Amino acid sequence: LWLKRNTGSDPKLLNSDAMASFCYIRQPDGTLKVHQGPPPAGYVPVSQPSFVAAPPSSARSLVAPAAAIRRVSTVGRMDRNKLLALNASMPVSRDLTNMQETMQVLSIASEILASGMDIEECKKLTYGSETEPAASPVLVSAVGAAESKMLLRKAPPHHLVCVFAMYGEKNRIRTKAEHENGQDFMNIKVKQLEWLFAGEAGKTWEIVAVDDGCPDDSKSLAKKAVEKNRLKNVTILDLKNAYKEKNPFFMERGLDEACKKSRKGGAIMYGLQYAAQTKPFYPEQKPRLVMYTDSDLSTDMALCGLLSDGILNKDCCMSMGARYGSPGTFLVKPPDQGAAPHPTSHYEQPNMMKIVLRHYVRVRLLPMLQGIYDTQCAFKCFRAEDLAAIIQDVRSMGADFDMELLLCALLHYRNQGMEQSKLCCVAPTLFTEDFAESNFMASSEDPDKPYKTYAGMMTALVGMHERYIDQNSDEAIAQRELVQFCRDMPWETYKKMHDKLNERGPTLFDHPFTMEELKAAAA
């Protein structure tokens with residue numbers, strides 16, 4: 001809450017550049033304490049100044065008297081009109097480097113929860129429709145965070161381990177003041193999890209960040225961020241130690257000393273292995289979940305309640321998020337585009353035809369993945385006790401490891417006799433593209449990088465098909481022509497096929513391409 005000076009007996013507000021030398025900061029118990037000077041770094045105004053108060057005689061540790069202010073914060077009073085009014089003042093897009101904007105998501109989510117507003121009503125007001133655009137991505141994110149915390153409240157006590165890999169993070173790990181692309185992601189991820197788990201008795205969390213052989217020494221930068229911000233519940237690992245320790249799992253997969261054979265996959269699996277094997281510091285009967293995500297802030301960690309809900313409340317074997325492909329998903333492309341809902345989010349995906357082609361091949365060669373469109377989504381969650389059995393069959397440490405890990409998990413649970421509907425709970429999410437620092441997008445050094453990556457995925461799908469599908473089965477026999485077409489496809493051929501098919505414009509996942517159409521495009 002920002003205050004402006006009272007000009008005396010006549011309660012006129014001074015102009016906007018004449019801010020008072022004090023402000024009120026809301027405490028966890030809801031009271032307001034006076035702070036001398038402007039708000040400290042990281043604090044966000046919860047409303048625009050619209051009231052008057054005389055500065056107190058002493059600003060040290062004072063609780064603001066009720067008569068001194070008119071509360072403008074809508075905690076406990078969020079309603080339809082307030083939600084719509086908030087949207088009118090929100091930014092059109094998202095800025096992942098703006099800490100105040102990121103924390104505002106949590107502030108608004110808290111107001112929604114305190115108000116008791118029906119979450120489905122909030123969605124109707126913010127998610128848009130075929131005729132109405134979605135609200136600001138800040139507001140859409142807040143609604144998602146509020147729903148996540150509501151679902152976490154319903155879950156029984158449990159511990160959640162959050163794993164992510166770090167590579168080339170010399171910029172995003174810094175603050176905006178230190179680098180133009182700085183997201184301060186170590187600090188922000190902790191704040192998002194602290195908010196999500198606040199007040200949840202018996203529910204705990206920790207972060208495991210893994211350096212993926214980074215030449216920029218991401219692990220040291222992460223340690224500095226932890227020390228600087230006094231972050232708790234954070235463990236930092238180095239994949240190079242798997243090589244030094246001659247870890248059998250990674251030696252079998254050809255991990256080299258510099259970890260060059262890993263492209264995120266090795267680091268994630270090292271983190272999953274660590275989380276599964278580490279002796280818990282809480283009662284062993286307490287459920288332990290392990291999720292993994294990306295290092296940046298593209299997916300809000302406050303959404304982790306959706307993952308806990310899928311396993312502990314909905315009783316599914318695993319859970320995951322989805323960035324596109326179904327209602328409730330949103331894609332944000334900064335700096336000037338807002339929250340695009342499905343199917344617009346799919347059509348605006350920068351690799352739209354690439355993921356359509358991958359899905360076409362995937363569901364034919366690996367039919368158990370039917371119905372899961374975003375297999376590469378780095379927002380998956382498992383029970384810790386299942387991980388050893390799941391990852392033992394994952395061979396890839398490259399860009400396709402997400403899909404193979406998912407495949408191995410589904411096969412593991414299917415072999416245990418679990419019914420299809422309980423294999424995986426998929427929760428739609430809002431995803432903000434991070435073009436400035438992406439390790440996956442094309443670059444000036446190699447504009448064909450995405451083509452090479454997706455061509456490699458096609459070849460990897462053939463390998464998975466031959467490993468996991470009985471080659472004498474009817475489903476394998478039916479796809480032999482497609483297997484031969486995709487096997488060892490040069491990236492140049494893939495690029496030619498992709499670019500030709502991309503001329504047809506917006507294309508949904510389940511478009512029924514024919515083999516003749518694919519071959520003609522690749523010729």
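Residues are numbered from 1 along each chain as its sequence is written, and side-chain values use heavy atoms, with hydrogens and water left out. Because the model is predicted, local features need pLDDT of at least 70 and side-chain atom pairs count only at pLDDT 80 or more, whereas totals for chains, interfaces and linings use all residues.

The protein chain contains 19 helices and 13 strands (DSSP runs numbered from the N terminus, with H or I over at least four residues for helices and E over at least two for strands). Of its 523 residues, 54% are buried, where buried means under 20% relative accessible area, exposed means over 50%, and partly exposed lies in between (1.4 Å probe, protein chains only). The accessible surface comes to about 22900 Å², and carbon and sulfur atoms account for 50% of that surface (Shrake-Rupley method with a 1.4 Å probe; for residues, only the protein chains shown count as cover). Among contacts between residues at least 6 apart in sequence, 73% join residues at least 24 apart, a contact being heavy atoms within 4.5 Å.

Three strands form an open sheet in the order β10-β9-β13, with mixed pairing; two strands pair if DSSP finds at least two bridges between them. Strands β10 (339-341) and β13 (430-432) are at the edges with a single partner strand each, so one side of each has no neighbour in the sheet. On average, neighbouring strands are turned by 25° against each other, direction ignored (axes are lines fitted to C-alpha atoms, for helices over the stretch in contact, and angles run from 0 to 180 degrees between N-to-C directions). Helix α4 (residues 137-154) packs on this sheet and touches β9, β10 and β13, its direction making about 135° with that of β13. Strand β9 (residues 330-332) pairs with β10 in the antiparallel sense over three bridges, and Val332 has Ala339 of β10 as its bridge partner.

The model has 24 salt bridges, each defined as a side-chain nitrogen of Lys or Arg within 4 Å of a carboxyl oxygen of Asp or Glu. One of them joins Glu147 and Lys123, with the closest N and O atoms 2.8 Å apart. Glu147 belongs to helix α4 and Lys123 to helix α3 (residues 119-126), so this pair ties together parts 24 residues apart in sequence. Glu147 is buried at 17% relative accessibility, and Lys123 is buried at 16%.

Lys380 and Asp402 also form a salt bridge (3.9 Å, N to O). Here Lys380 lies in strand β11 (residues 380-383) and Asp402 in helix α14 (residues 401-415), 22 residues apart. Both Lys380 and Asp402 are buried.

In a further salt bridge, the closest N and O atoms of Glu481 and Lys519 are 2.7 Å apart. Glu481 is in helix α17 (residues 480-486) and Lys519 in helix α19 (residues 515-522), so parts 38 residues apart in sequence are tied together. Glu481 is partly exposed at 42%, as is Lys519 at 38% relative accessibility.

Salt bridges with shared partners join Glu169, Arg172, Asp296 and Asp434 into one network. Asp434 is located in the loop between β13 and α15 (449-468) and is buried, with 11% relative accessibility. Its side chain makes polar contacts with those of Arg172 at 2.6 Å and Gln183 at 3.1 Å (a pair of N or O atoms within 3.5 Å; within protein, one must be able to donate a hydrogen and the other to accept it, and residues adjacent in sequence count only if both atoms are side-chain atoms). Not counting residues up to four places away in sequence, Asp434 touches Leu96, Arg172, Gln183, Asp296 and Ser298.
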